[in-house]
Amino acid sequence: MAKLKSTGAKLISGPRGCGKSTMIRLAYYQALDSSDVLPVYVNYAKHLAIEPIFKSRPDAVDLFRQWVIAKVVIGLEQTQIEADIPSPIYLRSMISSSHRLVDDLEVGYIPTEIPRISPTQLIAFINEQVEFVRRKRAVLLFDDAAHTFSAQQQREFFEIFRQLKTRSVAPKAAVYPGVTNYSSNMHIGHDAEILEAWYRVDDPAYLETMREIVSRRLPAEIVAEFEKDRLGLLNYLALASFGMPRSFLTMLQEVLELDEDAGKHIAPQRRRTDSSIERNVAIVRGVFESTGEKIPRYSNLIVEGRRLEGAFIERLAQINTNKTIHQKTTTVGVRRPLTKEFQQVTDLMAYAGIIRQLDSQSRGSDVYERYEVHSGFVIASNALSLGRSPSTREITISLTKRPSSLLVRGKPETYLGNDYRSRCTLNLTPCSNCDTPRVSEDAQFCMRCGKPLIDKSLYKEMLQRPVSDLPIPEAKKKALAKTNLATIQDILLDVDFKQLLRGHYVGSIWAKRIFSAAEEYVSV
């Protein structure tokens with residue numbers, strides 16, 4: 001939190017649901033109340049709404065850059081409103097034109113006149129505001145800035161990000177592990193420091209931190225359900241969440257059958273706890289698999305990722321079979337050198353939260369890249385090899401007391417087979433004119449007929465995906481099936497929740513959650 005409000009460029013990294021947005025918002029409000037920092041919060045969740053112009057406009061890059069800067073201007077206006085800072089006259093026209101540009105581009109309309117603001121001009125405007133309010137610096141907090149699967153957008157965004165870094169302006173951005181593309185001029189470690197937002201399960205304060213989240217998030221009478229004998233169930237769920245508060249709270253709601261709209265819940269039970277862990281594993285795996293459905297070019301890598309997941313789990317179960325309860329491991333080592341194809345698979349798995357990359361480890365002359373497998377996957381598959389019905393205490397000890405140096409060792413071929421590189425290929429769209437396969441992802445023209453290669457709009461395709469694709473409880477999906485909401489686009493158009501609230505057992509709280517899930521679905 002201190003670094004998010006300090007000088008210098010920072011990148012806060014972690015998979016979906018680990019708390020990046022929460023930390024950025026908290027940093028914003030803490031800075032707003034301070035006397036040193038002028039914070040500007042910007043959310044780029046709708047970046048894919050700009051994606052169609054990259055398929056049809058030669059000036060798409062310039063339009064995107066102006067959209068990025070216009071969003072910062074609008075964020076500066078919001079800071080002025082919340083901090084009760086008067087807006088200079090010259091800035092009002094810029095704010096007005098920025099609003100128009102953002103609104104137009106996000107609905108697919110290209111205005112004839114586009115207001116142009118350079119990063120240098122933007123810095124000058126921000127510095128004037130910093131001096132006006134007599135604060136030391138401005139902090140730009142960019143949420144949902146990773147643009148995970150639009151590589152060109154990512155590179156352009158981080159080139160602007162790099163240019164906005166000055167002594168008096170400190171940019172910060174939320175990114176995903178493994179899959180974020182940076183501009184060629186931006187070097188991690190030199191131009192920006194990485195901050196891990198993802199909680200470490202082996203951290204001594206981990207369980208205490210997760211219990212505190214429960215005490216702040218749920219009413220006291222529900223927290224009391226987990227005292228004494230049932231505290232083990234809470235620790236069990238915390239470890240199974242693999243350091244992701246969103247998963248932790250979702251599992252808690254399922255175990256308690258918590259209905260926040262009606263204010264009802266039941267007592268926690270071990271059987272329901274195991275079921276919630278299995279469902280969460282299915283959700284995490286579903287996020288991974290849906291990546292291949294939403295972005296077809298990754299479909300082959302997703303298949304190999306599922307194969308790698310199974311191989312990791314199988315090898316962990318083998319090594320844990322003859323280990324005592326204090327000698328279990330959830331860490332897999334892959335010997336260097338790693339091929340680009342293997343890294344593409346592990347990067348996508350890290351994005352979904354199935355694995356987490358740790359520091360490398362040397363064993364003699366060999367160096368191993370280490371990957372920690374999701375605790376929930378390990379529990380659900382009994383990869384700890386604790387017998388048929390292990391107690392929550394045995395599982396908790398195995399996951400918290402395991403030696404940090406122990407790991408399964410192998411080469412990429414050990415886990416995926418000798419021919420894995422031929423299978424780890426991008427599933428690229430062929431030429432629409434002659435159906436010839438593309439030679440690379442960056443190819444602009446067909447190597448056979450010479451016609452331009454045209455991609456379909458990822459954003460438009462995702463809008464038409466069915467509501468059943470959303471990571472929400474099955475009961476809520478069945479409730480929505482009886483409404484007029486059939487696609488993701490239908491939900492996003494229901495901004496006042498009129499249709500959502502017609503769903504059985506969908507109150508105001510769940511309506512907001514479903515709408516947020518739809519927004520996140522199209523913000524990959």
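Contact here means heavy atoms within 4.5 Å. By that rule, Tyr 368 is in contact with Gly 333, Val 334, Arg 335, Ser 360, Gln 361, Arg 363, Leu 407, Arg 409 and Gly 410, leaving aside its neighbours within four places in sequence. The model is predicted. The protein chain has 20 helices and ten strands.

**Overall build**

- The protein chain has 524 residues and a radius of gyration of 24 Å, which agrees with the value near 24 Å for a compact globule.
- Its C-alpha trace spans about 70 × 65 × 55 Å along the principal axes.
- Of the 524 residues, 52% are buried.
- Take the contacts with a separation of 6 or more: 72% of them join residues 24 or more positions apart.

**Surface and charge**

- The protein chain exposes about 24,500 Å².

**Tyr 368 in strand β9**

- Tyr 368 sits in strand β9, which covers residues 366–373.
- Tyr 368 counts as buried because its relative accessibility is 7%, and the cut-off for buried is under 20%.
- Lys 411 is 43 residues away from Tyr 368 along the chain, yet their C-alpha atoms are separated by 8.9 Å.

**Aromatic residues**

- The count of aromatic pairs comes to 18.
- One of them is Phe 157 with Phe 161, a tilted pair with 6.3 Å centre to centre and 35° between the planes.
- Phe 157 and Phe 161 are about one helical turn apart, because they are four residues apart in helix α5 (residues 151–163).
- Both Phe 157 and Phe 161 are buried.
- Phe 157 and Phe 161 also belong to one aromatic cluster with Tyr 44, Phe 64, Trp 67, Phe 142, Phe 158 and Tyr 182.

**Helix α14 and its cover**

- Helix α14 covers residues 392–400.
- Its buried residues include Thr 392, Ile 395, Thr 396, Ile 397, Ser 398 and Leu 399.
- The cover over the buried residues of α14 includes α8 (231–240), α10 (270–294) and α13 (375–380).

**Thr 273 in helix α10**

- Thr 273 has its place in helix α10.
- Thr 273 counts as buried, at 0% relative accessibility.
- Not counting residues up to four places away in sequence, Thr 273 touches Leu 233, Tyr 236, Leu 237 and Val 255.

**Backbone points to check in the loops**

- The peptide bond from Arg 336 to Pro 337 is cis, with omega near 0°.
- Pro 337 lies in the loop between β6 (331–335) and α12 (340–352).
- Asn 382 has phi near 55°, a positive value in a residue other than glycine.
- Asn 382 lies in the loop between α13 and α14, and at 30% relative accessibility Asn 382 counts as partly exposed.
- Ser 385 is also found in the loop between α13 and α14.
- Phi of Ser 385 is near 55°, again positive in a residue other than glycine.
- Ser 385 is partly exposed, with a relative accessible area of 22%.

Note on methods. Residues numbered from 1 in each chain as written. Predicted model: local features only at pLDDT ≥ 70, side-chain atom pairs only at ≥ 80, totals over all residues. Heavy atoms only, no water. Helix = DSSP H or I, 4+ residues; strand = E, 2+ residues; numbered from the N terminus. Rg over C-alpha atoms; globule rule 2.2 N^0.38 Å. Buried < 20%, exposed > 50% of the residue type's maximum accessible area, 1.4 Å probe, protein only. Areas by Shrake-Rupley, 256 points an atom, 1.4 Å probe, with all protein chains shown as cover. Phe/Tyr/Trp six-rings, centres within 6.5 Å; stacked < 30°, edge-to-face > 60°.
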